[in-house]
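Let's take a friendly walk through a protein structure, looking at its chains and then at the spaces inside. Keep the picture open beside you as you read.

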Amino acid sequence: MKQLVRIFAIVFVAAFALMILASYLNKSQGYSGGNTLTIYNWGDYIDPDLLKEFEQETGIKVIYQTFDSNEAMLTKIEQGGTTFDVAIPSEYAISKMKEENLLVPLDHSKLPNLSNIDQRFMDLSFDEGNKYSIPYFWGTVGIVYNPELVDGLTFESWNDLWDPRLKNQILLLDGAREVIGMGLNSLGYSLNDTNEDHLQEALKKLSTLTPNVRAIVGDEIKMLLANEEAAVGLVWSGDASEIMDENDKLDYVVPEEGSNLWFDNMVIPKTASNIEGAHQFINFMLDPDHAARNAEYVGYSTPNAEALKLLPEDISEDERFYPDETLTGKLEVYDNLGKKMLSHYNDLFLEFKMHSK
Amino acid sequence: MGRNGKLSNVYLAVVFAILYAPIAYLIFYSFNSGGHMRGFEGFTLEWYREVFADTRLLIIVLNTFIIALLSSAISTMLGVAGALAIYHVRRKRTKNTLLSLNNVLIVSPDVIIGASFLILFTMIGIKLGFTSVLLSHIAFSVPIVVIMVLPKLQEMSPTLMDAARDLGAGSWQILTRVVLPYVKPGIFAGFFMALTYSLDDFAVTFFVTGNGYSTLSVEIYSRARQGVSLSINALSTLLFLLTVLLVVGYYFINRRAAKTPAGRGLRP
């Protein structure tokens with residue numbers, strides 16, 4: 001009994017000692033004061049130096065939290081209980097959050113740097129007038145390939161994926177919109193097409209792709225491609241730049257028929273407690289110098305026209321990530337197709353998955 | 001016998017090699033100066049330095065241990081009380097029902113427990129953070145402690161308690177001088193199980209963290225999704241060493257307990 005009491009006493013004392021240490025560290029970092037800003041972002045999606053600079057400039061302490069999927073973020077914000085002041089979801093999640101009244105309207109008068117954003121990326125279908133969201137990064141869906149393994153193929157067109165020489169060499173992202181969209185694009189249709197005939201046609205076309213499909217995978221696609229487990233992959237441009245960082249033999253291309261244009265936007269969720277600070281932060285990130293440094297750190301494409309001018313030429317002139325006007329004209333943002341159409345897309349995708357081995 | 005023994009030894013070695021290979025691989029690359037896990041370029045401690053330079057990460061490590069220690073200690077107390085209660089239930093059916101209810105909590109998926117805690121906490125207005133994580137860790141640890149302590153209680157001969165009572169011991173004395181010393185190994189086993197469960201629990205914790213409060217498993221997970229930095233390897237290595245230390249510590253406590261049998265002198 002004595003031993004039990006002694007050991008448990010030690011445990012409690014140790015726990016309290018650690019607690020004192022933790023709260024000391026918290027205080028020395030300023031996390032416990034009143035003036036804080038909680039940012040909810042994807043992991044490793046901001047240059048940490050910028051956060052420090054923001055803290056010095058404004059005296060607001062930043063608490064940085066991360067999520068790994070739009071869905072996880074949505075759940076957390078829907079449930080409440082936490083105070084997130086700024087979040088950075090993708091466009092389809094933003095339209096969902098708008099529908100469910102989870103966003104605070106932005107006060108554009110507090111965002112003078114907004115004028116730096118390229119007009120092409122403003123006022124898009126998922127948030128007209130940018131009432132709730134400001135672009136943070138953007139990108140495309142395209143093809144990563146390994147020139148050494150594909151026999152001189154270059155993928156100017158989606159149809160090059162159907163080449164019989166690619167037998168069992170293609171990895172696809174496990175996303176209904178991406179894969180069905182690719183099918184529609186390859187036929188020259190819009191990737192927001194809801195015409196049943198066109199969709200069936202796309203499905204039929206996709207089913208002839210199955211001999212070339214090696215697997216349909218999730219996030220591990222980056223690792224598999226970097227390790228040269230397959231020659232070709234359908235990926236988001238952000239992932240592509242990461243893959244190419246890992247393995248510089250690989251190349252990325254957006255086929256000429258057009259493709260998806262995606263966005264991660266800054267929003268202020270309903271859970272925010274420091275709305276003033278949130279505006280300050282968004283404005284801070286819109287500053288050309290800050291946006292440029294962030295783009296260099298993260299490796300995604302910045303929507304900030306002024307920042308683009310500050311980036312080194314080998315980044316800003318890279319047509320793979322900053323495609324020219326003709327191609328960007330063909331890129332499409334995913335429309336919110338509504339619950340019914342989305343589940344139809346999912347069914348079609350499931351059908352495709354079942355037939356591909 | 002000889003041949004058979006050799007074969008089973010080889011089999012055992014293979015199994016352990018498979019189990020430990022990924023951990024060894026991960027530890028090996030935590031010293032790689034190359035910055036990735038393909039090909040070793042040179043020895044460096046840079047990743048460990050990076051871990052220790054990251055104050056937020058250190059706070060999270062501390063949080064993780066505070067939660068682990070407090071939750072396992074509190075849940076051990078509750079669990080022992082629970083095991084005693086179940087042990088003293090007379091009717092067999094009630095007893096089995098209670099035990100099954102306890103087991104259901106152990107086998108039920110963590111995601112569901114986590115989601116229901118999230119709903120509960122937001123409903124009754126507990127802010128997500130330290131309290132919510134602590135409460136949920138206590139909750140999922142209690143059944144584990146119960147199941148570690150109960151067999152020890154059942155193993156104990158009831159005559160011990162009768163004898164103590166005959167010699168004039170009160171209930172409190174029986175509990176503290178006879179029963180608890182006897183089940184001590186079970187209590188420690190429960191405590192250490194709860195400790196390790198709490199240290200590495202992801203699914204439940206993921207739901208109930210918030211407001212800047214996070215634990216290691218949640219943090220590592222969200223960092224790992226966006227390209228694995230080797231500092232995660234370094235951190236995992238440190239954690240692994242710590243768990244090894246814990247296990248070794250448990251082993252020695254157990255051995256000491258075995259050398260001086262429960263309730264010195266009670267048994268012949």
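## Two chains and their spaces

Chain A has an accessible surface of about 15,300 Å², and 51% of it belongs to carbon and sulfur atoms. Such areas come from the Shrake-Rupley method with a 1.4 Å probe, and for residues only the protein chains shown count as cover. This is a predicted model, in which local features need pLDDT of at least 70, side-chain atom pairs count only at pLDDT 80 or more, and totals for chains, interfaces and linings use all residues. Residues are numbered from 1 along each chain as its sequence is written, chains are lettered from A and ligands numbered from 1 in the order in which they are written, and side-chain values use heavy atoms, with hydrogens and water left out.

Here are the two chains side by side.

| Chain | Secondary structure | Accessible surface | Share from carbon and sulfur |
|---|---|---|---|
| A | 14 helices, 9 strands | about 15,300 Å² | 51% |
| B | 11 helices, 0 strands | about 14,300 Å² | 68% |

Helices (H or I, at least four residues) and strands (E, at least two) are DSSP runs, numbered from the N terminus. Of the 357 residues of chain A, 56% count as buried, while for chain B the share is 42% of 268 residues. Buried means under 20% relative accessible area, exposed over 50%, and partly exposed in between (1.4 Å probe, protein chains only).

A contact means heavy atoms within 4.5 Å. Among contacts with a separation of 6 or more, residues 24 or more positions apart account for 75% in chain A and 72% in chain B.

### One residue up close

Is A:N274 buried or exposed? A:N274 counts as buried because its relative accessibility is 13%. You can find A:N274 in the loop between β9 and α9 of chain A. Leaving aside residues up to four places away in sequence, A:N274 touches A:N35, A:T36, A:L37, A:I60 and A:D85.

The structure holds 5 cavities of 30 Å³ or more. On a 1 Å grid over the protein atoms alone, a cavity is a set of points where a 1.4 Å probe fits but cannot get out, and a pocket is an open set with protein on both sides within 12 Å along at least five of seven lines; lining residues have an atom within 4 Å of a point. Grid points are joined across faces, edges and corners, and a volume is the space filled by probe spheres set on the points.

The largest cavity has a volume of about 130 Å³. Its lining has 16 residues, and A:Y40, A:Q65, A:T66, B:S214 and B:V218 lie nearest its centre. At least two lining residues each come from β2 (61-67) of chain A and α10 (216-225) of chain B.

The second largest cavity holds about 70 Å³ of space. Its lining divides into 9 nonpolar, 3 polar and no charged residues. Here Ala, Val, Leu, Ile, Met, Phe, Trp, Tyr, Cys and Pro count as nonpolar, Asp, Glu, Lys and Arg as charged, and the others, Gly among them, as polar. The largest share of this lining, 3 residues, comes from β4(A).

### An open space

The second largest pocket has a volume of about 1,300 Å³. Of its 39 lining residues, A:N70, A:E71, A:Y92, A:E178 and A:W236 are the closest to its centre. By class, the lining of this pocket has 11 nonpolar, 12 polar and 16 charged residues.
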